[in-house]
Amino acid sequence: MTVDIRTVGIVGAGQMGSGIAHVAALAGLNVVLNDVSEDRVNNGLATVNGNLKRQVSKGFITQAQNDEALSRIKAEPNVEGLGACDLVIEAATENEAVKVKIYGNVCPHLKPEAILATNTSSISITRLAAATDRPERFIGIHFMNPVPVMQLVEIIRGIATDDGTFESAKAFITKLDRQVAVAEDFPAFIVNRILLPMINEAIYTLYEGVGTVESIDMAMRLGANHPMGPLQLADFIGLDTCLSIMQVLHEGLADSKYRPCPLLVKYVEAGWLGRKVKRGFYDYRGEKPVATR
Ligand SMILES: NC(=O)c1ccc[n+]([C@@H]2O[C@H](COP(=O)([O-])OP(=O)(O)OC[C@H]3O[C@@H](n4cnc5c(N)ncnc54)[C@H](O)[C@@H]3O)[C@@H](O)[C@H]2O)c1
């Protein structure tokens, strides 16, 4: 059974959740935005507001589109408020226990036909699905960061995901004017399976003193024509998210080549998680980012 998705719930109003709310509301869908507290939901809404404004100032959207999109997003700190959603996308912290707990809280409030999706960057869709009351209506819908800019969305079926759920998810992504890449359910799927080991290797390069933060980033920008350096990108993704993905690859594929760099672990232990806390491989608290090593 396919579902015509008109109302989308989003659990987790951080970088990704707010981005998904942004593009869904701009595409004319109703959005219910949830997080652990009213403050977190309001932060997410403020991010959407700021990013929509930027799009207006660049002439990408009109003020009327901006206003209409904002009016479609409802802040909802309680999971009970997700009951009318056709699709709920969980975009909470990259931690399996956190996600499983969310499914336990959310599922009892969902319509039987509602689809539950996760934006996980790396965790097994099959295993997450098994922790819900609807493995056949569970799917991975993996947006890229920043959501309003990036064109690709990976779709990942779990072993039990039914055809109707898969087709509904594809139609939803098409409605958002994004391109679908279908990935099989293996650790980190396609993009992060390739990208994160490259970032982890850049951190090893720093750890071993082969280069400084700035020389490594410049080398990959100018020498490999990457739009941003790997350490800057790691800050952008969030170092906690990078570490979680490397741990999933390391454990899931049982291969030492995925061993997370100890320096990455140290930054996460320090709480230097990248741009979202204004400090990671760069310090963003001043006028210009300054390398922290
Ligand atoms: N950052 C990236 O580049 C990126 C890209 C693609 C996918 N993802 C994935 O998207 C997800 C979110 O990542 P992010 O970068 O937005 O993280 P983030 O830290 O910016 O946001 C996570 C949000 O989840 C919320 N949260 C935690 N527990 C919750 C709960 N029980 N109920 C509701 N909300 C809860 C937090 O309060 C926070 O606002 C992760 O699974 C991550 O792997 C991240």
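**View 1. Aspartate 162 sits in the loop between strand E7 (152–157) and helix H6 (163–175).** The model is a predicted one, in which local features need pLDDT of at least 70 and side-chain atom pairs count only at pLDDT 80 or more, while totals for chains, interfaces and linings use all residues. Residue numbers start from 1 along each chain as its sequence is written. Helices (H or I, at least four residues) and strands (E, at least two) are DSSP runs, numbered from the N terminus. Aspartate 162 is partly exposed, because 18 other C-beta atoms lie within 10 Å; with C-beta atoms placed from the backbone, a residue is buried if 20 or more other C-beta atoms lie within 10 Å of its own, exposed if 12 or fewer, and partly exposed in between. Leaving aside residues up to four places away in sequence, aspartate 162 touches Glu136 and Arg137, where contact requires C-beta atoms, placed from the backbone, within 7 Å.

**View 2. The shell around the ligand contains 28 residues.** Gly12, Gly14, Met16, Ser121 and Asn145 come nearest, a residue being near a molecule if its C-beta atom, placed from the backbone, lies within 6 Å of it. Helix H1 (15–26), helix H4 (96–106) and strand E6 (138–143) each supply at least two residues of this shell, and H1 gives the largest share, with three residues. By class, the shell around the ligand has 11 nonpolar, 13 polar and four charged residues; Ala, Val, Leu, Ile, Met, Phe, Trp, Tyr, Cys and Pro count as nonpolar, Asp, Glu, Lys and Arg as charged, and the others, Gly among them, as polar.

**View 3. The domain assignment of the chain gives domain 1 (7–183) and domain 2 (191–291).** These bounds come from an automatic or database domain assignment. The C-alpha centres of domain 1 and domain 2 lie 26 Å apart, and the contact takes nine residues from domain 1 and 10 residues from domain 2. On the side of domain 1 that touches domain 2, two residues are nonpolar, five are polar and two are charged. Each of the two domains also contributes at least three residues to the shell around the ligand.

**View 4. The largest nonpolar core has 79 residues.** Such a core is a set of buried Ala, Val, Leu, Ile, Met, Phe, Trp, Tyr and Cys residues joined through C-beta atoms within 7 Å. Ile10, Ile20, Val31, Val88 and Cys242 have the most contacts inside this core, and because domain 1 (7–183) and domain 2 (191–291) both give residues to the core, it lies between them. Among the residues that isoleucine 10 touches, not counting those up to four places away in sequence, are Ile20, Val31, Leu33 and Ile89.

View 5. Most residues other than glycine have a negative phi, and most peptide bonds are trans.

Technical notes:
Two residues are in contact if their C-beta atoms, placed from the backbone, lie within 7 Å.
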